[in-house]
Structures are given as C-alpha cells and as structure tokens.
Amino acid sequence: NESKRFIEESIEHDKPFFAYIATNTPHGPFYPKDEDYNTLMDLYEKSEFADQKELKIHLVKYLAMIRNIDTNIGELYDFLDKKGLLNDTIIIFLTDNGSIMGQSYFNAGMRGMKTELWEGGHRVPLFIKWKNGNFKKVGKEIEGLCRVTDIVPTLVELCGLKITNKSSLKGISLASI
C-alpha cells in the first residue's frame, strides 16, 4: 500500500519513480494470513507430503507466506496496469537466498539450502519484465551466473541514464542478454 501511495504521488508530480519493495516474507517468524494458511493446509493434506507431519509444521506456513507474495505482486501488477504504467515500468523480482526447506521439500535437484555454499543455497529466481523494453524474446531463460550487484548497472543501461563515475557501480549490465 505504501508503494502504491508513493507511485501515485510520483504520477501526481509527473516524475519517474523507483520503488524498491523488500519484504520480510517468507522469512521467519512465519505468521501467514489465515486465508493463505487455510488454502495451503488444504493443499498440503492432498499432497504427496501429507504423511510427513514434521515437515507440515513449517512448510505450510512458509508456502502460505509465498502465496501472499504472489497475491501482492499480482495486485501491484494490476495497479500499474490500471494507472497506465505497466508498459513503461521495469518490474524485477528476485529472492535473496535458497530455500530453507532444501531437499526435504523441493530444491530443483540442487544440493544444499539456505546458508550453505552449494547451488541450492544461493541460486535464486530473477525475473525482469518490461513490456515496452524491446526484449529479444518473451519468457527467455538465460543460462549463466549473475548477482544482485548486476541489477543497478542493468537498470542504468536500460533507462539510458548517464553515470559520471561508472567505477562506483559494482557488477555488470545484463541489458545485452
């Protein structure tokens, strides 16, 4: 809600905006909304994991909080669309570390989990969407490594901004890929 307020204020003043929305979700403590919790509990009881009662205690709350992220990202997307900003807004979604559930739930075949050096501990999703960005292919999966420090140089290039001290930027632009 605060992000929407900030964006509306930027619109009123005819200014571009940059909204960095960092959520605690799904980090502990796990206090999901009842609606999300009840939905995920129903799904868990019907899943292949239903007999794993120890896993259920943490997993249902964790996934319920992820469901809440999905809901809020959808609401932000709809908000930008209603305001006529969706086509010209760069939306980036990423997480900060691997899963806390690791191999006990789903880790895409990767070894390790949060706090561990293996791929399952640090490999995360990064989605960039920009309708008018002239990206080469919609839904393109890019192989190779990047890191969070590559985001600012990428945004600088995508937005055509001029930086006088490029050595102050850590990372490299991913705009070409």
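# Chat about a predicted model

User: Where is E8 found, and what does E8 touch?
Analyst: E8 is found in helix α1, and, if residues up to four places away in sequence are not counted, E8 touches F79 and K83. The C-alpha atoms of E8 and A50, by contrast, are separated by 44 Å, although these two residues are 42 places apart along the chain.

User: Which helix has the highest mean pLDDT, and which element has the lowest?
Analyst: Among the elements of the protein chain, helix α1, residues 2-12, has the highest mean pLDDT at 96, whereas helix α4, residues 119-122, has the lowest at 76. For the protein chain, pLDDT averages 86, and 95% of the residues score at least 70. As a caution, where pLDDT is low, the predicted coordinates should not be read in detail.

User: New topic: how many salt bridges does a search of the whole structure find?
Analyst: The search finds seven salt bridges. As background, side chains of opposite charge can pair when their charged atoms come close. One of these pairs is E2 with R5, where the closest N and O atoms are 2.7 Å apart.

User: What separates E2 and R5 in helix α1?
Analyst: E2 and R5 are separated by about one helical turn, because they are three residues apart in helix α1. E2 is exposed, with a relative accessible area of 52%, while R5 counts as partly exposed at 37%. The pair also belongs to a network of salt bridges that links E2, R5 and E9.

User: And what about E35, which side chain does it meet in a salt bridge?
Analyst: The side chain of E35 meets that of R67, with 3.7 Å from N to O. This pair links distant parts of the chain, since E35 sits in helix α2 (residues 34-45) and R67 in helix α3 (residues 53-82), 32 residues apart. E35 is exposed at 57% relative accessible area, whereas R67 is partly exposed at 26%.

User: Which side chain meets K56 in a salt bridge?
Analyst: K56 meets E45, with 2.8 Å from N to O. K56 lies in helix α3 and E45 in helix α2, so the pair ties together parts that are 11 residues apart in sequence. E45 counts as partly exposed, at 36% relative accessibility.

User: One last thing, on the backbone: which residues does a cis peptide bond join?
Analyst: A cis peptide bond joins G28 and P29, with omega at about 0°, and P29 is found in the loop between α1 and α2. That loop also holds D14, which has a positive phi of about 50° although it is not a glycine.

User: Is D14 buried or exposed?
Analyst: D14 is exposed, because its relative accessible area is 72%, and the class begins at over 50%.

Conventions:
Residues numbered from 1 in each chain as written. Predicted model: local features only at pLDDT ≥ 70, side-chain atom pairs only at ≥ 80, totals over all residues. Heavy atoms only, no water. pLDDT = per-residue confidence, 0-100. Helix = DSSP H or I, 4+ residues; strand = E, 2+ residues; numbered from the N terminus. Contact = heavy atoms within 4.5 Å. Salt bridge = Lys/Arg side-chain N within 4 Å of Asp/Glu carboxyl O. Buried < 20%, exposed > 50% of the residue type's maximum accessible area, 1.4 Å probe, protein only.
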